[in-house]
Amino acid sequence: MFDRHEGGELAVLVHVFFANEKDTENLIEFESLVISAGIKPVQIITGNRKSPQAKYFVGEGKAEEIAAAVKVSNADVVLFDHTLSPAQERNLERLCQCRVIDRTGLILDIFAQRARTHEGKLQVELAQLRHISTRLVRGWTHLERQKGGIGLRGPGETQLETDRRLIRGKIRQILSRLAKVEKQREQGRQARTKAGIPTISLVGYTNAGKSSLFNQMTKSEVYAADQLFATLDPTLRRIDIDDVGAIVLADTVGFIRHLPHDLVAAFKATLQETREASLLLHVVDAVDNRMEENIQAVESVLEEIEANEIPALLVMNKIDMLNGFIPRIDRDENNVPIRVWLSAQTGEGIPLLLQALTERLSGEIAHYELRLPPEAGRLRSRFYQLQAIEYEEMDIDGSIMLAVKLPIVDWQRLCKQEQPLLEYIVKSTH
């Protein structure tokens with residue numbers, strides 16, 4: 001739906017500082033976004049305003065300056081680090097004689113380039129269609145003219161109405177396909193829940209090092225790069241943790257300030273892994289000057305997707321870039337791990353993270369010695385699924401002596417599911 005950017009495309013960047021707050025970090029992040037899109041910035045134009053101007057977003061003098069910069073540098077596109085209205089985009093394009101794209105359009109473009117799976121491509125297309133549908137309202141007035149003709153449109157239907165109808169139909173198709181994907185994911189989650197396997201979801205600001213940490217913990221080779229939105233499609237891996245057993249670790253898309261709402265809505269199926277997680281690993285770039293603001297930005301998105309109530313463990317990453325910093329676990333007043341300092345790049349501190357996960361997930365561990373009658377094969381199978389059996393020994397009468405160790409929550413869940421049999425076994429054993 002959008003013109004694709006080709007490598008080496010030249011762009012004039014525009015950033016406006018509001019209320020006299022010259023936060024240059026925002027501008028640096030915007031440059032990183034532009035480079036991630038494969039575009040070459042040739043000039044950066046900044047300005048100060050109390051509020052956006054209705055016609056051009058910037059003042060008329062600044063708009064003329066942007067147009068002149070486009071002409072001098074032979075730029076192909078003007079990129080705004082702000083959200084523009086359709087009318088502002090149209091007015092600027094007419095003045096600059098080139099494409100004008102706002103922050104939302106730029107992020108959507110990066111996502112379109114990074115999508116690899118069928119699901120990821122559907123999600124990006126949905127976000128693009130929703131974005132483009134808002135551009136139709138006031139942006140394409142030339143399409144309001146009625147057109148007739150055999151085999152074209154119904155009587156009295158304008159080009160704009162036709163485009164709206166086509167987009168609505170396409171959105172319905174994609175939503176239907178994504179609903180099937182969501183159903184498949186839900187079935188997978190239910191199976192893991194039934195087997196008592198917790199899910200840990202990696203969340204964090206884009207480029208915080210989530211994929212590098214994922215690779216260290218799972219010995220995988222998920223694509224990881226020092227760029228914004230290197231990961232787009234979610235990846236799940238099963239790993240084993242001492243005294244907890246099997247868990248599923250999920251690597252998810254990174255968040256960013258002012259993440260487009262259309263994108264959050266489109267990635268609902270993917271972000272569901274985060275909403276249904278037992279624990280969130282909130283990965284933070286410990287050397288970023290805006291660490292606290294990044295944490296707040298992530299928490300804001302978590303609130304938007306209704307995942308803010310899930311317990312979280314902060315992972316302070318990239319300590320290899322801090323001189324003489326030693327990995328450690330920070331604890332609260334109840335001695336519960338709340339923060340782990342490590343380096344996903346070098347692997348320093350990974351054992352401490354696994355220790356913290358054991359403490360956070362295992363809680364109290366249940367130890368039982370049980371004598372299972374021969375007909376309790378299904379229950380024995382459940383203990384094996386939970387990887388809870390420490391040793392077993394078969395008696396001459398066909399019964400089996402088991403020593404089991406499992407988290408108390410798993411034991412309680414088993415007691416509910418196998419109540420009469422387990423009560424009988426526990427009583428008869430003791």
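**Figure 1. Welcome to the whole chain.** The protein chain has 14 helices and 14 strands, where helices (H or I, at least four residues) and strands (E, at least two) are DSSP runs numbered from the N terminus. This is a predicted model, in which local features need pLDDT of at least 70 and side-chain atom pairs count only at pLDDT 80 or more, while totals for chains, interfaces and linings use all residues. Residues are numbered from 1 along each chain as its sequence is written, and side-chain values use heavy atoms, with hydrogens and water left out. Of the 430 residues in the protein chain, 50% are buried; buried means under 20% relative accessible area, exposed over 50%, and partly exposed in between (1.4 Å probe, protein chains only). Among the contacts with a separation of 6 or more, 70% join residues 24 or more positions apart, a contact being heavy atoms within 4.5 Å.

Figure 2. Helix α1 covers residues 24-36, and its end C-alpha atoms are 19 Å apart. That agrees with the 18 Å that its 13 residues should span at 1.5 Å a residue, because the expected span is 1.5 Å times one less than the number of residues. Look for L27, E29, F30, L33, V34 and S36, which are buried in α1. The buried residues of this helix pack against β1 (9-18), β2 (39-49), β3 (77-80) and α4 (103-114). Just after α1 comes G38, with a positive phi of about 80°.

**Figure 3. Two loop residues with positive phi.** Most residues other than glycine have a negative phi. N207 is not a glycine, yet its phi is positive, at about 70°. You will find N207 in the loop between β5 (199-204) and α7 (210-218), where it is partly exposed with a relative accessible area of 25%. K318 also is not a glycine and has a positive phi of about 70°. Its place is the loop between β9 (312-317) and β10 (328-331), and K318 counts as buried at 17% relative accessibility.

**Figure 4. Where helices α7 and α11 cross.** The axes of α7 and α11 (residues 350-362) come within 11 Å and cross at roughly 80°; axes are lines fitted to C-alpha atoms, for helices over the stretch in contact, with angles from 0 to 180 degrees between N-to-C directions. The two helices are therefore roughly perpendicular to each other, since angles of 65 to 115 degrees count as roughly perpendicular, under 35 as roughly parallel, over 145 as roughly antiparallel and the rest as oblique. From α7, L213, Q216 and M217 meet I350, L353, L354 and L357 of α11. By class, this contact has six nonpolar, one polar and no charged residues; Ala, Val, Leu, Ile, Met, Phe, Trp, Tyr, Cys and Pro count as nonpolar, Asp, Glu, Lys and Arg as charged, and the others, Gly among them, as polar.

Figure 5. T346 sits in the loop between β11 (337-341) and α11 and counts as partly exposed at 45% relative accessibility. Leaving aside residues up to four places away in sequence, T346 touches Q216 and D320.

**Figure 6. An annotated residue in α7.** A "binding site" feature is placed by UniProt, in an unreviewed entry, at S211 and T231; the positions are given in the numbering used here, feature names are shortened, and annotations may be inferred rather than shown by experiment. S211 lies in helix α7 and is buried, with a relative accessible area of 7%.

**Figure 7. A403 in strand β14.** A403 belongs to strand β14 (residues 400-407) and counts as buried at 6% relative accessibility. Beyond residues up to four places away in sequence, A403 touches Y368, E369, A388, I389, E390 and Y391. The C-alpha atoms of A403 and E369 are separated by 4.4 Å, although the two are 34 residues apart along the chain.
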